[in-house]
Each structure stands twice: as C-alpha cells, then as structure tokens.
Amino acid sequence: MTDPDTRPAALPHGTPLPYGTPDAPRLAVRGEAHIEADPEIARIDITVQARGTDRTATLKDLTHRNDQALALVKSYGDAVEKVDTGAFSVTPEITAKGRHERVRAYHGRVRITATLTDFTALGELTTRLADLDLTRVDGPWWALRPDSPAHREARRQAVQEAVQRAREYAEALGARLDALLEIADTGAENATPMPVPGAAFRSAAYGGAAESAPALDLEPARQEVYAQVNARFTMTRPQL
C-alpha cells in the first residue's frame, strides 16, 4: 500500500507530475511575450435608415439609400477589402387611439460593414458616408489579420523567453539544460481586436445639397499582441 505522504501529486486528469530523477531533474517554465504592432485593417459600420407613413414608400427610400451607400463604398476600389450587409428591418410604429391601434409610421434600417486596408481613404470615405441622408457611421475598429506576422513574432519571443528562463534556473543550480520534453501553447496570442472608439456620425438631412464634408484625419491605434507557452525541460545533475 502506498504511503499517502509519499504518493506523487497528480494533475487534474490523474497523471502524476513529471518530477524526473536526481540525474535528470525536470524543469517547467512559462514564457510570455507582449508586443505592439500597427493595425492592418479597419472596419466601419454603416447604418442606413428611412422613415415614412407609407410602407412601400419607406422601403423604396431605404433601398435607394442602401444602394447609394454601397455605391460610394465600392467606388474606393482596392482600398475596400470586404463589404457585408448585415441586419435589415422595417418596423411599424404603433400608436393607440381610443380603442384601436394604428400604424403611425414605418422605420426601415439596413446595416453594412466595410473592411478597409487603405487608411488614407478611410477618413474621406467615413465623412462622405456620414454626409448622406439618414446615414450613421460607427468606428473605425482597428485590427490585425489572423495570419499577421505580429502573431508569429510574439510566439517566437515567448518560446525564447521560456528557454532563457529555464537556462537561468538550471545555471542557478550549477547545471545546464539537457533536452526539451514538451512545449504547450496556452492560448498564444490575445489577438481579438479591441474596439477603439473612432468617429461616430449622423446625417439627418431630408433634402437639398449639402456642403462637401472635409476628410477626417484618423490616427490608427497600435494593436497589442500577447503570447504565452508552457515548456518542460530536463537538465543535468545539479551541483548542490
């Protein structure tokens, strides 16, 4: 029967902790890296609206404004990487009058998301969209691509730190690293783009020619990338 005091500790799944041997002790360390990089893409949300007392007329206005916004976005060519149409809705506004309900107005809304790679064009496009009738622009939200070199660089630095940390522990014991047993990715990068408040606009004009809005000067927000690895090594016999 095993003495409870000498029984090896276990990991949550029941596997004994790898303690190694006196001649080949095992060493477990964590390596981390935190770097900053310039954003590679920017997203803006465009909400086109229409309102009227007639459902058909409201839909017609909404369709026209949606086409107008899409045409403006696509006119920027390669500067726009992707355009998506999201939620669409037409909602009746009900008012109670006496014992009966009636539709007071219809509210139409379409949401468009545009992804841009040319930040010079971004400021001009944003203000031109906001200058359209009943059009709202939210953003921009800056981000890195999932395959950005910044993620690879963060992982590389995390591995280097793990090796350096393990080497320092071994040297403190008069030993040296011998072999790598395991390196485990613990989530690597925290690359989820953080919403960075940009410019939010509304244009509520109902007609007439509007003055041309100046291009907005937008400063791209640096992106933080975080990487973390766990590593296990064996080392030579310590000189105690």
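**View 1. Surroundings of Ile46 in the predicted model.** Once neighbours within four places in sequence are set aside, Ile46 is in contact with Val73, Val110, Arg111, Ile112, Ala114, Leu129, Thr135 and Arg136, where contact means heavy atoms within 4.5 Å. This is a predicted model in which local features need pLDDT of at least 70 and side-chain atom pairs count only at pLDDT 80 or more, whereas totals for chains, interfaces and linings use all residues. Residues are numbered from 1 along each chain as its sequence is written, and side-chain values use heavy atoms, with hydrogens and water left out.

**View 2. The largest nonpolar core.** This core has 29 residues, and those with the most contacts inside it are Ile44, Ile46, Leu125 and Leu129; a nonpolar core is a set of buried Ala, Val, Leu, Ile, Met, Phe, Trp, Tyr and Cys residues joined through side-chain atoms within 4.5 Å, and buried means under 20% relative accessible area with a 1.4 Å probe, protein chains only. At least two residues of this core come from each of β2 (41–52), α1 (55–74), β3 (80–97), β4 (100–116), α2 (119–130) and β5 (135–143), the helices (H or I, at least four residues) and strands (E, at least two) being DSSP runs numbered from the N terminus.

**View 3. Helix α3 and its cover.** The buried residues of α3 (residues 149–172) are Ala150, His151, Ala154, Ala158, Ala162, Ala166 and Ala170, and what covers them includes β1, β6 and β8. After α3 comes Gly174, with a positive phi near 75°.

Note on methods
Buried means under 20% relative accessible area, exposed over 50%, partly exposed in between (1.4 Å probe, protein chains only). The expected span of a helix is 1.5 Å times one less than its number of residues.
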